[in-house]
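Here are my notes on the model, as numbered points. They take up helix packing, then the sheets, then confidence.

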Amino acid sequence: MGDTTLETGVLAGDGRMLIGGELQGTASGAVFDVVHPANEQVVGQAVDGTVDDMARAVEAARRAFDGTDWSRDVEFRHHCLSQLHAALENNTERLRRILVTEVGCPVTVTGSQIESPIEEVRHWAAYGRDFDYVVHTGLHDTPMGPARRQLHYEPVGVVGAITPWNVPFYLNIAETMPALMAGNTVVLKPAQLTPWSGTELGRIVAEETDIPAGVFNVVSSNANDVGAALSADPCVDMITFTGSTATGRAVLAAGAPTVKKTLLELGGKSAHVVLEDADFTSALPIAAMMACVMSGQSCVLPSRILLPRSRYDEGLEILKVSMENFPIGDPWTPGIMQGPQISEQQRQKVLELIRSGIESGARLITGGGIPENLPVGYYTEPTLLADVDPDSRVAQEEIFGPVLTVTPYDTEDEAIEIANNTIYGLSGEVSSADVDRALAVAKRIRTGNVSINAKSHFGINSPFGGTGQSGLGYRNGAEGYREYLSIKTIGLPE
Ligand code: NAD
């Protein structure tokens, strides 16, 4: 499975698994196809790993955790992650082409999915080296007399990392690097549609770093059973998962018999409350861009726009013009900002939800189908639905497409009530000329993250997590690092 360079720029990744330090296939030799969403062509294969392969990978991770110094030698971990950071930097363009090939995401917008996560490797290496793993809490009165206490932050053990396809390289890094730097060993299971963003990481770890055999493993597979086996394996101490809420529930249930620590980043259905005094000409074109830029395949996308009835038509017109002029097309063409959906199945899911919205009374303002000038590739028109019933499926289910639903409101209280009318709680947005007023609204939205006037809440130094059925726990920030550590409290004599 060597490199295959096609004239479009498509690049096939290394599709081998990494288990116990060896790049390898599965016993039967089975592979599965990887399709480039922009031309619908099979562009290569990845190893179709099995439940047995997963068990071998977990065993290797267990042995590496229990039998090597990895969990205790923070300087060596810093050395290995610094080496990995340099190796990833050397592979930047290769990783970018593999990402565009697998996901169909426009090359123009890959910075946050390639350069940013590579930089995160360096961040976690430094953060983990400087972290205070022993905290002295002083003298405590107890019935048995005074006791000194220390908190020892220790790695959790074997961490299973399961990732989705929408931002695969970023999430493979985000889930595994803090885990490794904290002293855990890892088994990564990348998504079926994007195996190479995981297997390439495995290849680079194996070929270009001193990370010991078994510390980092990658098992690709076309079967959901293999992720399920990882989340149920009694030798796994913790699961870190990003994906849909439905799968997150299954992962949580699979870990219950062994009371596995579980970090979940799940789906979202975020609202954008546009207050009456907002600058529509700034807020709404950005809202339209956010909906289209990753073909809507973003967990944090504020896809439900709530407009004041007094300025409803004005808002709809700005959104319509912005969506109709959005640069959609071949992801390899510089300047293109919206590529295809990742698969025909995903596109059909998006189109079906749009139809369900129209059937439940929504008004189609623009889009709603497949662009006439892009018959090949899984493209979807940027779509604007108005008069959307907040209880309808299209307002309740995650669409994961370039679709905005718009609902009018009369009072601020009503807007907040609609924003909170969801099982999710991942992110949200408030636009207003009055930042204090926007902040007061943001505080009443039940969600883990909110942007005011398009100012980003997201970054490596700030905790990111969902409330409600959008997740459990945090990535990023000090909170995100501590997720991969457990605390041992030790009482000592005065
Ligand atoms: P998915 O839940 O279908 O799959 C995610 C991963 O879980 C894949 O690797 C898949 O193979 C694996 N899997 C499938 N069944 C499993 C099982 N029974 N047990 C264990 N693992 C199993 O999600 P997807 O369609 O790949 O990704 C899209 C979803 O991810 C959206 O809902 C999106 O909102 C969410 N997401 C959330 C965040 C966040 O930070 N909250 C970020 C990105 C994506």
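This is a predicted model: local features need pLDDT of at least 70, side-chain atom pairs count only at pLDDT 80 or more; totals for chains, interfaces and linings use all residues.

1. Helix α13, residues 412-419, packs against helix α14, residues 435-444, at an angle of about 40°. The two are therefore oblique to each other. Their axes are 10 Å apart, and the crossing of α13 and α14 is right-handed. On the α13 side the contact is made by E412, D413 and I416, and on the α14 side by R437, V441 and R444. Sorted by class, this contact has four charged residues, two nonpolar and no polar ones.

2. Helix α1 (residues 51-67) and helix α7 (residues 224-232) pack with their axes 9 Å apart, at an angle of about 30°. That angle makes α1 roughly parallel to α7. The crossing of these two helices, α1 and α7, is right-handed. From α1, residues V51, M54 and V58 meet D225, V226, A229 and L230 of α7. By class, the contact of α1 with α7 holds six nonpolar residues, one charged residue and no polar residue.

3. How are helices α2 and α5 oriented to each other? Helix α2 covers residues 74-90 and helix α5 residues 168-181; they pack at an angle of about 160°, with axes 10 Å apart. α2 and α5 are therefore roughly antiparallel to each other. The crossing in which α2 passes α5 is left-handed. α2 contributes V74, R77, H78, L81, L84 and L88 to the contact, while α5 contributes F169, I173, M177, L180 and M181. The classes in this contact of α2 with α5 are nine nonpolar, one polar and one charged.

4. Next, the sheets. Seven strands form an open sheet with mixed pairing, in the order β14-β15-β16-β13-β12-β17-β18. Its edge strands are β14 (363-366) and β18 (451-452), each of which pairs on one side only. Within this sheet, β12 (residues 270-274) and β17 (residues 428-431) pair in the parallel sense over four bridges. In that pairing, V273 stands opposite V430 of β17.

5. Which strands does helix α9 lie across? Helix α9, residues 280-292, lies across β12, β13 (302-308), β16 (403-409) and β17. The helix α9 runs at about 155° to β13.

6. A further open sheet is made of three strands in the order β5-β6-β20, with antiparallel pairing. The edge strands here are β5 (134-140) and β20 (485-493), each pairing on one side only. On average, and with direction ignored, neighbouring strands of this sheet are turned by 20° against each other.

7. Strand β6, residues 147-155, pairs with β20 in the antiparallel sense over nine bridges. One of the facing pairs is P155, which stands opposite L485 in β20.

8. Last, confidence. The protein chain has an average pLDDT of 97, and 98% of the residues score at least 70.

Methods: Residues are numbered from 1 along each chain as its sequence is written. Side-chain values use heavy atoms; hydrogens and water are left out. Two strands pair if DSSP finds at least two bridges between them. Contact means heavy atoms within 4.5 Å. Axes are lines fitted to C-alpha atoms, for helices over the stretch in contact, and angles run from 0 to 180 degrees between N-to-C directions. Angles under 35 degrees count as roughly parallel, over 145 as roughly antiparallel, 65 to 115 as roughly perpendicular and the rest as oblique. A crossing is left-handed if the near helix is turned anticlockwise from the far one by less than a right angle, and right-handed if clockwise. Ala, Val, Leu, Ile, Met, Phe, Trp, Tyr, Cys and Pro count as nonpolar, Asp, Glu, Lys and Arg as charged, and the others, Gly among them, as polar. pLDDT is the predictor's confidence in each residue, from 0 to 100.
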